[in-house]
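Subject: Structure handover

Hi,

Here is the structure I promised to pass on. My notes follow below it.

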Amino acid sequence: MRGWRPLALTLACLLGASTTVLAQPQAKAAPSAVNAAEARNKALLSFQSDLVSVLAPSADPLRLLSAALLARPLPSQAKIVSFHALIDRASHADGAGPAVTWARLADCNPQTQGDCPNSNALAQLVQQAPDNAAVWLLKLSQDANTSKKDDARQDLAKAAAAKLYDDYSGVGLQALAGTVSTLPPPAATLDPNSAAGAEGVQALIVFGTAAAMPQPALRDTAQYCEANAPKDDSIKDDCLKLGKLLEWGSSPLARSLGLHLREVLNADPAQQQDAKNARRNLIWQVQNFAALSLRAQNDKAQSQHLLSLARSGGTQMSLVLAALHDDGIPTDAPADWQPH
């Protein structure tokens, strides 16, 4: 699986480039510019905290999910409006679904060995969403890293037999986009050099915060298939079956791994080349979406459109493809284009 790791890193970096929440001053900027950026960052954090306080009294699970995600990166939150308190309330709200439980995976202490992801949330997801391969890949990662070989093998089989792959980032985006306009952004949060206005601030907060939704350690799945498929035909078959499912997964990273599994494990040269071409197109799609997201920081109409797409629901991948389509960008890379 040598080729998947650099591709995964490329996709992660490109997606991250479009979801920076706070303004970052240049290293050699004038002191006044640095001070202005720091003041804006402080105002953005304060505004995000105010949004949490306004959303927190709700009994709606998606509004509480939004409040919890907004609270997660904030320093020094009061216990009553902390990520832990809010995501716990969301999980007990009427109508709470697996997306809330998925976010609760992050309600753990990464400094404590074996505490993350939240084991209670993972056990609940197994009951709530047994047809979601993402749940079983979480289990696969956990069992493989604790040397539970038989359990890991069963996790792979269940992931391969699942009906879909969904990391619920689309639900997180929808919840955030549907609530971020609850308060108007204060003037201090606006970038004086940007024409995006309030919508630019809202897009920054929505896409930056949604990027913190938990994801399975797909690298562990790649390593498991790499180590075991050559030695066991049944594992190879399940890895290929899982790969086919991941090709239609909810995130670019999931699709990337699915295509790589087909390229490496499928014995048909035509299938290998087709998967390689599809992975090239995927990088093209992600790079162009990153460019659209960066443009939104200075383009009010683009910010409004991305927020509208997020509010409409769907998955991270469907949002990427819709944004490209609406801007007239083809989903297939030009013949002479190479990833950079």
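Is leucine 257 buried or exposed, and why? Bear in mind that this is a predicted model. Leucine 257 has a relative accessibility of 0%, so it counts as buried, the cut-off being under 20%. Helix α13, residues 252-265, holds this leucine. Cysteine 108 sits 149 residues away from leucine 257 along the chain, and their C-alpha atoms are 27 Å apart.

Now the overall fold. The protein has 16 helices and 0 strands. Its C-alpha trace spans about 60 × 50 × 35 Å along the principal axes. The radius of gyration is 21 Å; a compact globule of 340 residues would have one near 20 Å, so the two agree. Of the contacts with a separation of 6 or more, 69% join residues 24 or more positions apart.

Next, the interior. Buried residues account for 50% of the 340. The largest nonpolar core contains 91 residues, and Trp102 and Phe207 have the most contacts inside it. Beyond its neighbours within four places in sequence, tryptophan 102 touches residues including Leu125, Ala134, Val135 and Leu138. Its contacts also include Asp167, Tyr168, Met213 and Gln215, along with Pro214 and Pro216.

Last, surface and charge. The accessible surface is about 15900 Å², with 52% of that belonging to carbon and sulfur atoms. There are 29 positive and 31 negative side chains. The centres of these two sets lie 3 Å apart.

Best wishes

Methods:
Residues numbered from 1 in each chain as written. Predicted model: local features only at pLDDT ≥ 70, side-chain atom pairs only at ≥ 80, totals over all residues. Heavy atoms only, no water. Helix = DSSP H or I, 4+ residues; strand = E, 2+ residues; numbered from the N terminus. Rg over C-alpha atoms; globule rule 2.2 N^0.38 Å. Buried < 20%, exposed > 50% of the residue type's maximum accessible area, 1.4 Å probe, protein only. Contact = heavy atoms within 4.5 Å. Areas by Shrake-Rupley, 256 points an atom, 1.4 Å probe, with all protein chains shown as cover. Lys, Arg positive; Asp, Glu negative; His and termini not counted. Charge placed at Lys NZ, Arg CZ, Asp CG, Glu CD. Core = buried A, V, L, I, M, F, W, Y, C linked by side-chain atoms within 4.5 Å.
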